[in-house]
Amino acid sequence: MKALWFLIPLYLLPLLVKSDVVLTVLIFTFVLGILAIGFNIVFGGAGQLTMFHAAAFGIGSYVTFLSMLRFSIPFWLGYLVAVVVVVLISIVIGWICFKFRLKEFYFAVVTLAFAELCRLVALNWTSVTNGTLGMLVLEKPTLWLPGSGVIKIEQTVPWYFLTLVSLTGVLVFSALLMRSWIGRNFSAIRLNEDLAQTLGIDTFRYKLLAFTISNVIASFAGALYGFYTGYIEPAYLAVAQSLDAIAMVLLGGVSTILGPVAGALVLTSLPHLIELPAEMRVAVYGMILILVILLMPRGIVGLAAGLFKRRAHAS
Amino acid sequence: MTQVVVGQILNGIILGSLYGIIALGVTMTFGITGIVNFALGQFMMIGAYATWYFTDLAMFPFPVAVVFAVALAAAAGLVADQALFRFTRNNLVNGLLVSIGLISVMESGALLLFTTTPKNMDIVVAGSWSLGAITLPRMKVVAFLLLVAVIGLTWLGLSRAWLGRATRAYAQNPEAAMLMGVPTKALQTGVVVYSCALAGFGGALYASLFSLEPSLGGLFILKGVEAAILAGVGNLLGALAGGVILGVTESVGSLYLPSAFRDAYGLVFLVAILLFRPAGLFGGQK
């Protein structure tokens, strides 16, 4: 939990930095960081390589927005509908995958297949999702704050705090989860599934739980992302989105608390730091990814932990 | 209607044999090095552009251009293996991420060199055969036969020659194979290079059939992985069969069902196979 003190400077940052670019990059970092934390729970926690988190991310944004439109309810109730949908989908897919004991590569491929099916539905169910064109999101999340009543989150600074608070909440949740008996059961499954089963851990149930929790967190990131950018499109559910989150987690450090956020920060700010034509930028991004995987196998947090002797290491 | 269906089946078979050659590379690499080289589609792209370059710009005859293209893809594979994949043996996730990085690098390289404008190669084998109302371009038939021949020869080589026995011994038990004098490091590199050469060959034939874009490889690796799993990972001839089944399912499926979901039929089929026959349709050759 000590790792969470690293977040305090971020709360003070808007007092010093007025640049919209910096704050925007950080907002994207926080939102994609939440997605990466979700992936880290199922992969870094329970050791299951899912490819479904981008689909959960996309479903989160689509269902939140569509239920807001249909039932004219506020953002948070809309998101609640999305949670119900994502939990149901996760249970069905997780049940199929884990009941048939799909592991590693096969689990990855089947979850990828389901994610692609979801993307194709978002792409082709034109009457509801508006197909490839995507949807413009003009509504904004509202919040009740003591003193100022119900406010709309519109400007950069309120968005900054909303996403930062959300990130903090998800971080605290994931840290508590990974330290609890549930998290220890996840680790047991990751380290040796057969042994975990022998010790009386219901591996099926815990894998399903990890998968569902991770997808719900991913859908939260999706809802925030869609409403912040004001635009929802089928590409949110694409393989590339899943891979981005995986890259963030590996870059930051698998099975660490802060790793996903560190990875998200580097990969989100990188394109803004290098001034290059678009093609070169993608190439440089690729090269950095390759170098990091080959040279820093334990990620940024792992490397920092090695340097500072257990200081940044929380799990 | 029958003619349309038969025509689609034939199209599916030809496209499926292209999936099959990628699937063969996937199956071999996964069995020996424990990773899937997701950049195989980009090696295919190298082969395709090289063939186009050598025939249309350098004016070589097509067979010579194919040889050059395969050699180029193999050389690129050797570089990639020595610089990258050597360090990710038996680490699926790292291999995946390294090949994704490689995809970005190779695709943006192709974009810089060739831009997004589609390139069309001159026709190699003109004309077509017609069976009743079905017309079949001769080049498609030639490409199909060549792909089947290469996959068949690979299977023959691996099941008859010493190298094949060594490869299968390694796939069954790496330590024991090492003790029996199998040069395991060379074997792993060889398999990665060979799979890239296969992809380059697929690309060369792709160039003679379709127009080229830098992003052409992305689709084929997904189909290749699907086909390999469909057949059962490790099954070499099954890779071809898996590719053909996938190609035919897609082509025929899009006749009767909305074609927007074309890519989904293969996936649904794949999930069903994995659930009820986890070792694949023809069983893995582990």
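Two residues count as in contact if their C-beta atoms, placed from the backbone, lie within 7 Å. Keep that in mind for the exercises below, and remember that you're looking at a predicted model.

**Exercise 1. Find out which residues of helix 14 of chain A are buried, and what covers them.**

Step 1: Go to residues 299-308, which make up helix 14 of chain A. The buried residues there are A:Gly299, A:Ile300, A:Val301 and A:Ala305.

Step 2: Now look for what sits over them. The cover includes helix 11 and helix 12 (259-273) of chain A.

**Exercise 2. Work out whether chain A is as compact as a globular protein of its length.**

Step 1: Get an overview. Chain A holds 14 helices and 4 strands.

Step 2: Compare two numbers. The globule rule gives 20 Å for 315 residues, and the radius of gyration of chain A is 19 Å, which is close to that, so chain A is as compact as a globular protein of that length.

Step 3: Along the principal axes, the C-alpha atoms of chain A fill a box of roughly 55 × 45 × 45 Å, and 47% of the 315 residues count as buried. Take the contacts in chain A between residues at least 6 apart in sequence: 75% of these join residues at least 24 apart.

**Exercise 3. Describe how helix 2 and helix 10 of chain A pack together.**

Step 1: Start with the geometry. Helix 2 (residues 20-45) and helix 10 of chain A have axes 8 Å apart, at an angle of about 170°.

Step 2: Name the arrangement. Angles over 145 degrees count as roughly antiparallel, and that is why helix 2 of chain A is roughly antiparallel to helix 10 of chain A.

Step 3: Sort the residues of this contact. You get 19 nonpolar, 3 polar and no charged.

Step 4: Zoom in on one residue of helix 2, A:Ile34. Skipping residues up to four places away in sequence, A:Ile34 touches A:Ser166, A:Leu167, A:Val170, A:Ile217, A:Phe220 and A:Ala221.

Step 5: Zoom out to the largest nonpolar core, which has 193 residues. A:Ile34 is among the residues that touch the most other members, and so are A:Ala221 and B:Ile22. Helix 10 (residues 203-229) of chain A gives this core its largest share, 15 residues.

**Exercise 4. Decide for A:Tyr206 and A:Arg184: buried or partly exposed?**

Step 1: A:Tyr206 is in helix 10 of chain A, while A:Arg184 belongs to helix 8 (residues 181-191) of chain A.

Step 2: Count C-beta neighbours inside 10 Å. A:Tyr206 has 20, so it counts as buried. A:Arg184 has 13, so it counts as partly exposed.

Step 3: Check the surroundings. Apart from neighbours within four places in sequence, A:Tyr206 is in contact with A:Ala46, A:Asn185, A:Phe186, A:Ile189 and A:Ile201. A:Arg184 and A:Ala46 are 138 residues apart along the chain, yet their C-alpha atoms are separated by 9.2 Å.

**Exercise 5. Describe the side of chain A that touches chain B.**

Step 1: Count both partners. Chain A puts 29 residues into the contact and chain B puts in 28 residues.

Step 2: Find the helices. Helix 5 (104-124), helix 11 (239-252) and helix 13 (278-295) of chain A each supply at least two residues of this side. Helix 13 gives the most, with 11 residues.

Step 3: Sort by type. The side of chain A that touches chain B has 24 nonpolar, 2 polar and 3 charged residues.

Note on methods: Residues are numbered from 1 along each chain as its sequence is written. Chains are lettered from A and ligands numbered from 1 in the order in which they are written. This is a predicted model: local features need pLDDT of at least 70, side-chain atom pairs count only at pLDDT 80 or more; totals for chains, interfaces and linings use all residues. Ala, Val, Leu, Ile, Met, Phe, Trp, Tyr, Cys and Pro count as nonpolar, Asp, Glu, Lys and Arg as charged, and the others, Gly among them, as polar. A nonpolar core is a set of buried Ala, Val, Leu, Ile, Met, Phe, Trp, Tyr and Cys residues joined through C-beta atoms within 7 Å. A residue is buried if 20 or more other C-beta atoms lie within 10 Å of its own, exposed if 12 or fewer, and partly exposed in between; C-beta atoms are placed from the backbone. Axes are lines fitted to C-alpha atoms, for helices over the stretch in contact, and angles run from 0 to 180 degrees between N-to-C directions. Angles under 35 degrees count as roughly parallel, over 145 as roughly antiparallel, 65 to 115 as roughly perpendicular and the rest as oblique. The radius of gyration is taken over C-alpha atoms; the globule rule is 2.2 Å times the number of residues to the power 0.38.
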